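Student: Could we go through how some parts of this model pack together, one step at a time?

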Amino acid sequence: MRRVGEVVSRLRVVRGWSRPRGGAAHVTAPRPFRGASADRRVKDPSVRRSLVLFRAFLHEQDDPASCYSLLARDAVDQVEACGGPVAGRTVVDVGGGSGYFTEEFRRRGADAYLFEPDVRELGEKAPDGAVIADGYLLPLRDGVADVTFSSNVLEHVADPQTFLSELARVTRPGGLIYVSFTNWLSPWGGHEWAPWHYLGAERARARYRRRTGRPAKHTLGENLFAVHIGPTLRQVRARDDVTVVSARSRYWPFLAETVVKAPGIREVATWNLLLILRRCPP
């Protein structure tokens, strides 16, 4: 891994997004999702896409490379649907673990950098240029990134608003911020001990240990937090440093934005909230 100083130095030269007359960021029509192979093109949202992702998720433990490579392709498709091709742009991946998202951005021509707080999450071979850094205090200057990306991290931070503020700080005005998280009342909210979290976190953790013979990775209040859809949307919409481009279910097969607008129902049915935000001028 390169030192923080070297990576920060490389990030100081930022290549901006192409802009048409009038100054608006270039936006292209959504591209179909590339599924398990390049010739299987799946619309987002669609039942077929959701099934492809769900089947991959079932093999997360025994085939994580296939699962997360597929999820990375899907996520970068979503970024490009809102902001155009990422080729030539600077992408900051915060909390990207083993680097599947970083590598997919690079495969499409982006200058992508991974910032991960937990060295254990990097796996056996970290992506070139990965930096161990806290998402609350990234070693980057203001406005360095065209895209700041965070997949399934928000539910693991104790102070989501401070975390979002840091993502906004390192994103240039007009740039995009991609944030997704698994909300607590989702069927997957308890992570490895879901759906038994509906009966209480401690009971669910105890059941997990009895069933597997090992302690659960996540502990509520330590590295997993009960984040909810409604309060998060209200907090984000009240901010003056970002505007909401899209608020939708990341995996829902139809009416992905509509389900997020239904109070109460959304806390269970959304599964995973995806927010795509645009950084406002200071």
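Student: At what angle do the axes of helix 3 and helix 4 cross, and how is their relation classed?

Tutor: In this predicted model, the axes of helix 3 (residues 64-83) and helix 4 (residues 100-107) come within 8 Å of each other and cross at roughly 55°.

Student: Which residues of helix 4 meet helix 3, and how many residues of the contact are nonpolar?

Tutor: From helix 3 the contact draws on residues including Pro64, Tyr68, Leu71, Ala72, Val76 and Val79, while helix 4 contributes Tyr100, Phe101, Glu104 and Phe105. Sorted by class, the contact of helix 3 with helix 4 has 1 polar and 2 charged residues, and its nonpolar residues number 11.

Student: Is Ser249 buried or exposed, and what is its relative accessible area?

Tutor: Ser249 lies in strand 8 (residues 242-249), and, leaving aside neighbours within four places in sequence, Ser249 is in contact with Ala256, Val259, Val260, Thr270 and Asn272. Buried means under 20% relative accessible area, so Ser249 counts as buried, with a value of 0%.

Student: Which helix do the buried residues of helix 5 pack against?

Tutor: The buried residues of helix 5 (residues 160-169) are Phe163, Leu164, Glu166, Leu167 and Ala168. These buried residues pack against strand 3 (90-94), strand 6 (145-151), strand 7 (171-181), strand 8 and strand 9 (273-279), and also against helix 7 (229-237).

Conventions. Residues are numbered from 1 along each chain as its sequence is written. This is a predicted model: local features need pLDDT of at least 70, side-chain atom pairs count only at pLDDT 80 or more; totals for chains, interfaces and linings use all residues. Side-chain values use heavy atoms; hydrogens and water are left out. Axes are lines fitted to C-alpha atoms, for helices over the stretch in contact, and angles run from 0 to 180 degrees between N-to-C directions. Helices (H or I, at least four residues) and strands (E, at least two) are DSSP runs, numbered from the N terminus. Contact means heavy atoms within 4.5 Å. Ala, Val, Leu, Ile, Met, Phe, Trp, Tyr, Cys and Pro count as nonpolar, Asp, Glu, Lys and Arg as charged, and the others, Gly among them, as polar. Buried means under 20% relative accessible area, exposed over 50%, partly exposed in between (1.4 Å probe, protein chains only).
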